[in-house]
Amino acid sequence: MSLPPGIHVIHDAIALPAPHDTVRARAVHRAEYPVVFADSVEEAVKHLRTVVPDQRIALVTDDTVAALHGRELREELHRQGVETTVTTIAPGEASKTLRTAERLLDWLAGSRMRRRDVLVAFGGGVVIDTAGWVASAYMRGMPYVNLPTTLLAGVDAALGGKVAVDHPQAKNLIGAFHQPTAVIAATPWLSTLPARHVRAGLAEAVKKGVIASPALFELIERDLPEILALEPSTLRRLVHGAATVKCALIDRDPYEEDLRRPLNFGHTIGHAVETVTGYGPVLHGEAVAFGMACAARISLGRGWMTGTASTRLLTVLRRAGLPCDRAQLPAPADPGAVLAALEKIRLIRDGRLRFVLPTDIGTSAITDDVTDDEIRQALSWSPDPDPDPRTARRNTAP
Ligand SMILES: NC(=O)c1ccc[n+]([C@@H]2O[C@H](COP(=O)([O-])OP(=O)(O)OC[C@H]3O[C@@H](n4cnc5c(N)ncnc54)[C@H](O)[C@@H]3O)[C@@H](O)[C@H]2O)c1
Ligand SMILES: [Zn+2]
């Protein structure tokens, strides 16, 4: 047999096992991708060019980000010779739906994107989750790159490849694991973020410090005023530090096979608060902050966490303007309703309600034996109006 030069025969001789032996299929996939931090849009696009040297780009963003930063990014992409088509979605959680995803899929199909071309998600967690899910589905998976523009996306949503849209029955119900090709954060994009969203994103960074990194927690304690003032070099260190911690944690269990995840700190009560307030009035980060405060009080009440550590956590949350008690939540969350929502979660999860309880700054324990009483007490705690220790009896937690 003679074949033209460059054409090779693929030789295989797969043996057949006995007919009753179980056939085993294996598909191990581990991805590795860079997470980089740029100080300018020009630098960000240069990074993008290194991971997407000659493919076309389909850029998805939301109307707010498009209005604030879209033009500069498009001009820079054009200047650096990247062929780009752009579409926008309406801002906010209400856009994270199958309907939006379907529109994006139609758009991709209409723009004749090929399987190796690249989807770029330019925005907060909503754009990143929706575009990422679309990327996971289009042609059974096309590459995508995240350009996070919110603090929450930079320290959390852009990393880990968990992509999803919401369903009326539950948030993030329709999703997949689809890892990005790269994550490129640029500090200029964060400069326009409203203060409330800065605080909400910060809550997810505080969480990572408490569960896994005293160094990150100390950075936040020390540099909080600069962070809240959006000082670029401090923000860069914060995003870099929090991303480092998240990447180290997901490296141990990238596909969440273990349900006992320290990254869920603050999320048990946090999710219940989001559910009872109807997803929106209380931002995710605000709900997580309140959830962390409650978990710290439960842990303190059990004697698992030291008073010093719990005071440090609650002080940082308060200084950041994040809700630590129910009265500070932007929308009312009735303790009975929160307990009922937790009960629903317990039923879905085989009768177990997992709590991550911090034990110190940098250490935590995971348990499923937190009682309704402990939860009720933590939910109902409020700062004592009477600071006189002789009359203050109930509120002993910080
Ligand atoms: N995939 C994950 O692992 C993961 C992790 C955490 C959160 N999430 C998801 O992320 C979403 C929340 O993300 P988010 O808080 O970024 O919300 P978001 O994407 O809705 O952004 C918040 C608001 O800020 C605006 N915005 C974005 N960038 C801006 C900028 N630079 N300047 C001014 N305004 C800007 C947006 O238009 C929006 O109105 C939720 O849907 C949540 O489920 C996903
Ligand atoms: Zn979260």
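Predicted model: local features only at pLDDT ≥ 70, side-chain atom pairs only at ≥ 80, totals over all residues.
User: Which residues are closest to ligand 1?

Analyst: A residue is near a molecule if its C-beta atom, placed from the backbone, lies within 6 Å of it. Ligand 1 is surrounded by 30 residues, the closest being Thr64, Pro91, Gly124, Gly125 and Thr150. Helices H2 (63-79), H4 (125-137), H5 (151-157), H6 (187-190) and H7 (195-212) each give two or more residues to this shell. Helices are DSSP runs (H or I, at least four residues), numbered from the N terminus.

User: Now the packing: at what angle do the axes of helix H10 and helix H13 cross?

Analyst: Axes are lines fitted to C-alpha atoms, for helices over the stretch in contact, and angles run from 0 to 180 degrees between N-to-C directions. For H10 (residues 267-276) and H13 (residues 335-348), the axes come within 9 Å and cross at roughly 115°. That makes the pair roughly perpendicular, a label covering 65 to 115 degrees. Two residues are in contact if their C-beta atoms, placed from the backbone, lie within 7 Å. On the H10 side, the contact includes Ile269, His271 and Val273, and on the H13 side Ala337, Leu342 and Ile345. By class, this contact has nine nonpolar, two polar and no charged residues.

User: And how far apart are the axes of H1 and H2?

Analyst: The axes of H1 (residues 41-51) and H2 are 10 Å apart, at an angle of about 50°. Val41, Glu42 and Val45 of H1 meet Glu72, Leu73, Glu76 and Leu77 of H2. This contact has four nonpolar, no polar and three charged residues.

User: Last one: why does Leu98 count as partly exposed?

Analyst: The class comes from counting other C-beta atoms within 10 Å: 20 or more is buried, 12 or fewer exposed, and in between partly exposed. Leu98 counts as partly exposed because it has 15 C-beta neighbours inside 10 Å. Leu98 lies in helix H3 (residues 98-110). Leaving aside neighbours within four places in sequence, Leu98 is in contact with Val165 and Ile174.

How values were computed
Residues numbered from 1 in each chain as written. Chains lettered and ligands numbered in written order. Parallel < 35°, antiparallel > 145°, perpendicular 65-115°, else oblique. Nonpolar A, V, L, I, M, F, W, Y, C, P; charged D, E, K, R; others polar.
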